[in-house]
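Subject: Structure handover

Hi,

Here is the structure we talked about. My notes on it follow below.

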Amino acid sequence: MAEKLNTGSHDLPVTEALAEFMRGGWADVHEDVAPLPVAAYAAKRRARLIERLPGERLVIPSGTLQARSNDDDHRFRTHSAFAYLTGDQQPDDVLVIEPSGEARLFLHPRPSRAESQEFYRDRRYGEFWVGRRFDLAEAEAAYQIECAHIGTLPAALSGPARVLRGVDASVDALVSPSGDDRDAELAAVLSELRLVKDEWEIAELQQAVDATARGFEDVVRALPAALAHPRGERYVEGVFGLRSRLEGNAVGYQSIVASGAHACVLHWIRNDGRLDPAELLLLDAGVEGDNLYTADVTRTLPLSGRFSPVQRQVYDLVYEAQTAAIAVLRPGVRFREFHETAMRVISDGLREWGLLTKSQADAGLHRRYTLCSSGHMLGLDVHDCARARAETYLDGVLEEGQVLTVEPGLYLQPDDLTLPPELRGIGVRIEDDLVITADGARLMSAALPRRSDEIEAWMAALAG
């Protein structure tokens, strides 16, 4: 069978003479690869998965490259469940766990240059185009798991299996749908296994949070230049993005850089506005580390360096709500309790301001000004464990080792006639990352100030 290569329509033809010349004259570059630090943890995670779903074939793909345009692909980011179980971050790989419990990683290994033209002709996988991959022996050494060529995968999936569907269409097609909820249960279990982080994961998350704190410091130092730029929001986005690439893989999600009334848009990612020193800047951003664990932090900053009285009024209410919510975090507490605690503070504050009557507050009408929940699990995904069943997550209780965000906010829309004019267009969110400990919670993002006067002092120190 002729070799199938991903070549472009405008590639120059390869003559037999050139093909022959390209086959030889290459040094042996096989490498002695050490096990990845995550490999031992990944093996324990696979064992836990087998305990949850014993005696079944389980199929978890890494995902595929997605074209941006023509032969240009988006930068690949592997599926979180696959990374969790293998440590592998390459496209088109597949983990298969057999009913016996034996695990095998099917991958696209680096081919022999003497036997394949892929290394210089294949735009998507060729070594000269996208860089070197492991050969099979190197992959086994790195991931500490038996590895096989991806071409042998169809034969390995000849029987029934549970598949993490929607990740790789070609893998989905190899296993007929069961017609029940077995695949959905696999997805749920894979999310639920990640609810409690192991020590390696917590260390990875702390590194991401620490890098994020440095990124926020970079932003404050860059504010004079950003204020002078017609796209100041985008200037800030670029400054933080540089830190995320220098210290990690990328940003963990699209950064929200929202000045003025843009802060009232929960997922403002256009980031194309000016910065006005009379307004606030809401920055929601997180560095994703090289092993794909992400931070998620928000600070709302006075662009002048000092909060105005009305800005401080809004900020301090959100701060009080967040502080109260953090205080309830400990093992055994319902997950929803910290949000409910924050909203009681917000609701009471809005009543004191005269924006809500008691009956409106009792009816939950504070939500007009808050909109969303006050936090979520954090890990390999910014909204981690999203496919976990409600009884294990949203309706569950907190456990030691869980990592989550606490992020209450007030979003006072610029066209909201229920508000006095001076409050319209102010958006404030304060978000921190915490790990549940044996008797409470540890603030992982403590390197960044939270209180309004601390924010002002921090900005002044960085400006000096």
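In helix α12, residues L317, V318, E320, A321, A324 and A325 meet F338, T341, A342, V345, I346, G349 and L350 of helix α13. Contact here means heavy atoms within 4.5 Å. The residues of this contact divide into 10 nonpolar, two polar and one charged. The classes: Ala, Val, Leu, Ile, Met, Phe, Trp, Tyr, Cys and Pro are nonpolar, Asp, Glu, Lys and Arg are charged, and the others, Gly among them, are polar.

This is a predicted model: local features need pLDDT of at least 70, side-chain atom pairs count only at pLDDT 80 or more, and totals for chains, interfaces and linings use all residues. Residues are numbered from 1 along each chain as its sequence is written, and side-chain values use heavy atoms, with hydrogens and water left out.

Back to the pair. α12 spans residues 309-327 and α13 residues 337-352. Their axes come within 8 Å and cross at roughly 150°. Axes are lines fitted to C-alpha atoms, for helices over the stretch in contact, and angles run from 0 to 180 degrees between N-to-C directions. The two helices are therefore roughly antiparallel (an angle over 145 degrees). Helices (H or I, at least four residues) and strands (E, at least two) are DSSP runs, numbered from the N terminus.

Next, α2 and α9. Their axes come within 11 Å and cross at roughly 135°. R45, R48, L49 and R52 in α2 meet L186, V189, L190, E192 and L193 in α9. By class, that contact has five nonpolar, no polar and four charged residues.

R45 has another partner. Its side chain meets that of D198 in a salt bridge, 3.0 Å from N to O. The term means a side-chain nitrogen of Lys or Arg within 4 Å of a carboxyl oxygen of Asp or Glu. D198 lies in the loop between α9 and α10 and R45 in α2, so the pair ties together parts that are 153 residues apart in sequence. The structure holds 39 salt bridges.

Last, the sheet. Three strands form an open, antiparallel sheet in the order β9-β10-β12. Strands pair if DSSP finds at least two bridges between them. β9 (256-259) and β12 (297-302) are the edge strands. The twist averages 10° from one strand to the next. Four bridges join β9 to β10 (residues 280-285). I256 stands opposite D284 in β10. Helix α11 (residues 232-247) lies across β9 and β10, running at about 150° to β9.

Best wishes

Technical notes
Angles under 35 degrees count as roughly parallel, over 145 as roughly antiparallel, 65 to 115 as roughly perpendicular and the rest as oblique.
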